[in-house]
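Please look over the chain below, with an eye to its backbone and its charged side chains. A short report follows the display.

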Amino acid sequence: MKFAVKKALSSSGARVGVLEVGSCPAPIETPALLLATRKGLPHFISPELLPSLPSPDSNLLQVSPLHFLEGLSTTTISKIGGLHQMLGLKQHGIAAVPRDSIQCLPESKAATRLGASFETPCGRLLIKPKDYIEMISCMKPNIWASLADEVPAWVSEKRNKTSVDRTLRWLDDCISLYPAAGSIFGAIVGGTSLEERKRCAEEVAKRNVSGYWIGGFGLGEGIDERPALLREVMDILPDEKPRLTCGLGLPEEILQGIAAGIDLFDSTYIYSLTLGGFALTFSLDKSGEQHNLQSDQIGSDSTKINLRATAYRKDMSPILENCTCYTCQNHTKAYINHLLNVHEMLAQTLLEIHNTHHYLRFFHVIRGAIQDGSFEEFRQAFLESRREHFKGEAIST
C-alpha cells in the first residue's frame, strides 16, 4: 500500500490524496468510500454487476473478519488463497475492520483484558488478539485494522482510560504476532474523552503502522462533540499516512469527517437506505443545493425518496434523470415500486446499485471541491439546504 497527499486545505483539515493498493488496477483518490460488504460482497450486488459501478472508486471493499466465523473456516480460506481468490475479486482492494455496524457490534461491557467482545451472527464472542491475527493471516486483506476496545459515549473516564490501555496493548500484540503484515492501521479510541483520545493518538503514532483507524464513533456521541474529538486526534497524527473511520455514514457526517482530515470511510448508510426502499436523490452540484422535492408526496426528505410510496406506482421516469447508473439507464420508478410491493429482491439490487453509484459520485464532487478550494463553501451550502428543509418540515407539521 502507498499513500500520498495531493492537496490539503489550510482553512480546514480536508485533503485530497491517492491510495495505491496492490490488487487494484488503478490508484484510488481519497477521500473515498469503502463499500460495506457481507462476507466480502456488497449485500445485494452480485459480482458480475460490480463493474457497473464507477471505477476505481468502487474497488475498495470493507470486510469484517468476524463474518467468517460462520461457514468456511479460516484454514479453508487460507488454503484457497485468501479472500481475493475465494471471492474472485482479484482487482479489488480489501480492508478488514473488526467492527461492522450491522452484524458485528462492539460490546464494551463484556470486553476483558484478554480481548474485545462483539455481538455477532454467532452470538456474543470474545475475540483475542491471537484469534484475530489468525483470521487476518488466513484472509490476506490489503489493509487491516488492529483490534480495539471501543466504548460508547456514556462510559466513565476510568473506562475510557481502560479502553485506551487495552487497545494499545492489543496493537502491540497484533504487530508482534504478525510482523510480516504489510498495511496495519493502528486503532485510536478513547470515547468522548479528549485527554484519552490524545493519549491514544500519541502512542499509536509512535508505532510502526501504515495508517490509522479512528474508532469509537457512531456509538452514542453527539454530532456536535465530534469536531473537537477529531481535531484532538488529527493534530497529532502525521500527515503522510491515511486515516480511516467507521460510524460516520450520513452525508453531513461524511462532510464533518472530511473537514477534520479523514481519508477513508466505512458506511452502512447505503445498506440501510436500500433495505428501507429509499433511493438517494440529493443534488451533486457544487452549489450544494438540494432538489426541490415534495416530501408530502414521496414520504421522504430532500436527500432521498421512498420508492414504496404509491405516488410512484405509474411513474415511468428514472430515479434521477441525469444519473448514469445502470438502474437509472434501464429501469423506472414504477418498476422498482412494483418489485418492492411484491417483495422481489431485484428491487434491493437495483436500489443498491443506484445508491452506491450516487454516493460514490458525492465523494467525487467533494474531491473536486477540495481541489479547487471551494470545499467549505460546498459544505456550508449543503448543510444550510438541509437545515432549511427540516425547518420547513417543522413549520408545515
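## The loop around H343

H343 sits in the loop between α11 (333-341) and α12 (346-371). The model is predicted. In it, H343 has a positive phi of about 60°, although the residue is not a glycine. Most residues other than glycine have a negative phi. Is H343 buried or exposed? With a relative accessibility of 71%, H343 counts as exposed.

## K39, in another loop

K39 also has a positive phi, near 60°, and is a residue other than glycine. Its place is the loop between β4 and β5. At 27% relative accessibility, K39 is partly exposed.

## Cis peptide bonds

Most peptide bonds are trans. Which residues does a cis bond join here? T30 and P31 are joined by one, with omega at about 5°. P31 falls in the loop between β3 and β4 (32-36).

Another cis peptide bond links S55 to P56. Omega is about 5° there. P56 belongs to the loop between β4 and β5 (60-63). K39 is placed in the loop between β4 and β5 as well.

## Salt bridges: K6 and E29

Now to the charged side chains. The count of salt bridges comes to 21. One of them pairs K6 with E29, at 3.3 Å from N to O. What does this pair tie together? K6 lies in strand β1 (residues 2-8) and E29 in strand β3 (residues 28-30), so the bridge ties parts that are 23 residues apart in sequence.

Both ends have some accessible area. K6 is partly exposed, at 44% relative accessible area. E29 is partly exposed too, at 35%. The pair also belongs to a network: salt bridges that share partners join K6, E29, D57 and R367.

## Salt bridge: R207 and D172

R207 bridges to D172, and their closest N and O atoms are 2.9 Å apart. R207 is in the loop between α5 (194-206) and β12 (211-214), while D172 is in helix α4 (residues 157-177), so this pair ties together parts 35 residues apart in sequence.

D172 has 32% relative accessibility and counts as partly exposed.

E253 is located in helix α7 (residues 251-260). At 10% relative accessibility, E253 counts as buried.

## Points to check in the viewer

- H343: positive phi of about 60°, in an exposed residue.
- K39: phi near 60°, in a partly exposed residue.
- T30 to P31: cis peptide bond.
- S55 to P56: cis peptide bond.
- K6 to E29: salt bridge at 3.3 Å.
- R207 to D172: salt bridge at 2.9 Å.

Definitions and conventions
Residues numbered from 1 in each chain as written. Predicted model: local features only at pLDDT ≥ 70, side-chain atom pairs only at ≥ 80, totals over all residues. Heavy atoms only, no water. Salt bridge = Lys/Arg side-chain N within 4 Å of Asp/Glu carboxyl O. Helix = DSSP H or I, 4+ residues; strand = E, 2+ residues; numbered from the N terminus. Buried < 20%, exposed > 50% of the residue type's maximum accessible area, 1.4 Å probe, protein only.
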